[in-house]
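Please read the following note alongside the sequence and the model. The points are numbered so that each can be checked in turn.

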Amino acid sequence: AEPAPQLAADMNETLWAYCQSSLQNHLYENAIFLAERLCAETPSEASRLLLANCHYASGAPARACAILGNCSAPQNRYLLALCHVKLGRHLEAQRALLGSASPSADPTGTAIVPNGAAGLYLLGTICLKVQPQPPASLPRDDTNERSRAVLYFKRALELDPYLWSAYEALAALGKEFPPPPLPLP
């Protein structure tokens, strides 16, 4: 007879594979059901990430936030930030990416954030959303958040020169950026 630990491992692998398949086929309720079973069998940050991904994909970012609330793995923090952005909670999204209680903990824009270039790009877009809006009658100068956004976009391009969204963001801000790599894929 097969030992119980091997049977449990096989069941977890099966749940994981079928959950991924359900996600790929946009069968979100089925994916959620399978991911919940996996979390019950194997409570871990990895299984919570899978369940949160299911909820995020199904259009329930608040549920995903609740699942990821006290996770510390980089992938979990990145998804948590995405969820907070969807919910309009930009300061919480910054905290999730920076891993600190205060978004001002990175005044120079040099923090290491989850998911590399994608995380830096997301942090740049969040900075633009939380910056104070000057009155229309005043000229728009670089605010601290806007300057940090530019730094994050440029750092994102250093890591991923094909992150076209970062080029677009810098162009929209009227900032110089490195030339895109040629040839484009």
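**Note on the predicted model**

1. His-26 counts as exposed, at 56% relative accessibility; exposed means over 50% relative accessible area, buried under 20%, and partly exposed in between, with a 1.4 Å probe and protein chains only. His-26 is found in the loop that joins helix 1 (4-24) to helix 2 (28-41). Although His-26 is not a glycine, its phi is positive, at about 60 degrees.

2. The model is predicted, so local features need pLDDT of at least 70 and side-chain atom pairs count only at pLDDT 80 or more, while totals for chains, interfaces and linings use all residues. Residues are numbered from 1 along each chain as its sequence is written, and side-chain values use heavy atoms, with hydrogens and water left out.

3. Asn-115 is another residue other than glycine with a positive phi, here near 65 degrees. Its place is the loop between helix 6 and helix 7. With a relative accessibility of 39%, Asn-115 counts as partly exposed.

4. How many helices and strands does the chain have? There are nine helices and zero strands, where helices (H or I, at least four residues) and strands (E, at least two) are DSSP runs numbered from the N terminus. The order of elements from the N terminus is accordingly α-α-α-α-α-α-α-α-α.

5. Of the 185 residues in the chain, 40% are buried. Among the contacts (heavy atoms within 4.5 Å) with a separation of 6 or more, 46% are between residues 24 or more positions apart.

6. Helix 6 (residues 90-98) packs with helix 7 (residues 116-130) at an angle of about 150 degrees, and their axes are 10 Å apart. Axes are lines fitted to C-alpha atoms, for helices over the stretch in contact, and angles run from 0 to 180 degrees between N-to-C directions. Helix 6 is therefore roughly antiparallel to helix 7, a term for angles over 145 degrees; those under 35 count as roughly parallel, 65 to 115 as roughly perpendicular and the rest as oblique. On the helix 6 side the contact includes His-90, Leu-91 and Leu-97, and on the helix 7 side it includes Gly-119, Ile-126 and Lys-129. By class, the residues of this contact are nine nonpolar, three polar and one charged. Here Ala, Val, Leu, Ile, Met, Phe, Trp, Tyr, Cys and Pro count as nonpolar, Asp, Glu, Lys and Arg as charged, and the others, Gly among them, as polar.

7. Helix 8 and helix 9 (residues 164-172) cross at roughly 145 degrees, their axes coming within 9 Å. Helix 8 contributes Val-150, Phe-153, Lys-154 and Leu-157 to the contact, and helix 9 contributes Ala-166, Tyr-167, Ala-169 and Leu-170. Seven of these residues are nonpolar, none is polar and one is charged.

8. Which residue forms a salt bridge with Arg-148? The partner is Glu-145, with the closest N and O atoms 3.0 Å apart. A salt bridge is a side-chain nitrogen of Lys or Arg within 4 Å of a carboxyl oxygen of Asp or Glu, and by this rule the count is one. Both residues belong to helix 8 (residues 144-159) and lie three residues apart, about one turn of the helix. Arg-148 is buried at a relative accessible area of 1%, and Glu-145 also counts as buried, at 16%. In general, side chains of opposite charge can pair when their charged atoms come close.
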